[in-house]
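This briefing covers one protein chain, from selected residues to the overall fold. Please read it beside the sequence and the model.

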Amino acid sequence: MIYTIRAGSPADDSTLIRHYRALWESHGVDAANIKGDAEAVTADFIQSGRQNNELATFLAEADGISLGSLACQIQYLPYPDVASSSQDT
């Protein structure tokens, strides 16, 4: 079996949304306690993240089957950056 990690695209959003819901359920959240519009809320988060926060998505696959996914985005600090450029990491 060959495993690959690839960048996601908007065409993968339904997979990301399905994986996100499964994450909540894996933490013991009963399906009855997940909002009825959870998929729409998650889709809005992904779209807004792409537009405003440089959100990127990735999928782990084996033989063309998605095994997992992740999303990451730039988070701006809630306080001012006062470090000199020589202190940046």
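Leaving aside neighbours within four places in sequence, L70 is in contact with L16, A56, T57 and F58, where contact means heavy atoms within 4.5 Å. L70 belongs to strand β3; helices (H or I, at least four residues) and strands (E, at least two) are DSSP runs numbered from the N terminus. The model is predicted: local features need pLDDT of at least 70, side-chain atom pairs count only at pLDDT 80 or more, and totals for chains, interfaces and linings use all residues. Residues are numbered from 1 along each chain as its sequence is written, and side-chain values use heavy atoms, with hydrogens and water left out.

- L70 and T57 are 13 residues apart along the chain, and their C-alpha atoms are separated by 5.7 Å.
- The relative accessible area of L70 is 45%, so L70 counts as partly exposed; the classes are buried (under 20%), exposed (over 50%) and partly exposed in between, with a 1.4 Å probe and protein chains only.

**E61 in strand β2**
- E61 is located in strand β2 and is buried, at a relative accessible area of 12%.
- The side chains of E61 and R6 are joined by a polar contact of 3.1 Å. A polar contact is a pair of N or O atoms within 3.5 Å; within protein, one must be able to donate a hydrogen and the other to accept it, and residues adjacent in sequence count only if both atoms are side-chain atoms.
- Not counting residues up to four places away in sequence, E61 touches I2, Y3, T4, R6, S66 and L67.

**T15 in helix α1**
- Helix α1 covers residues 13-26 and includes T15.
- T15 is buried, with a relative accessible area of 12%.
- Apart from neighbours within four places in sequence, T15 contacts L59 and S66.

**Positive phi in two loops**
- Most residues other than glycine have a negative phi.
- E54, which is not a glycine, has a positive phi near 55°. E54 sits in the loop between α2 (38-52) and β2 (56-62), and is exposed at a relative accessible area of 57%.
- D63 is likewise not a glycine and has a positive phi of about 50°. D63 lies in the loop between β2 and β3 (65-72), and is exposed at 54% relative accessible area.

**The chain as a whole**
- The protein chain has two helices and three strands, in the sequence order β-α-α-β-β.
- The radius of gyration of the protein chain is 17 Å, whereas a compact globule of 89 residues would have one near 12 Å. This radius is taken over C-alpha atoms, and the globule rule is 2.2 Å times the number of residues to the power 0.38.
- The C-alpha trace spans about 45 × 35 × 25 Å along its principal axes.
- Of the 89 residues, 18% count as buried.
- Among contacts between residues at least 6 apart in sequence, 53% join residues at least 24 apart.

**Surface and charge**
- The protein chain exposes about 6,700 Å², of which carbon and sulfur atoms supply 57%; accessible areas come from the Shrake-Rupley method with a 1.4 Å probe.
- There are 5 positive and 12 negative charges, and their mean positions are 6 Å apart. Lys and Arg count as positive and Asp and Glu as negative, while His and the chain ends are not counted; each charge is placed at NZ of Lys, CZ of Arg, CG of Asp or CD of Glu.
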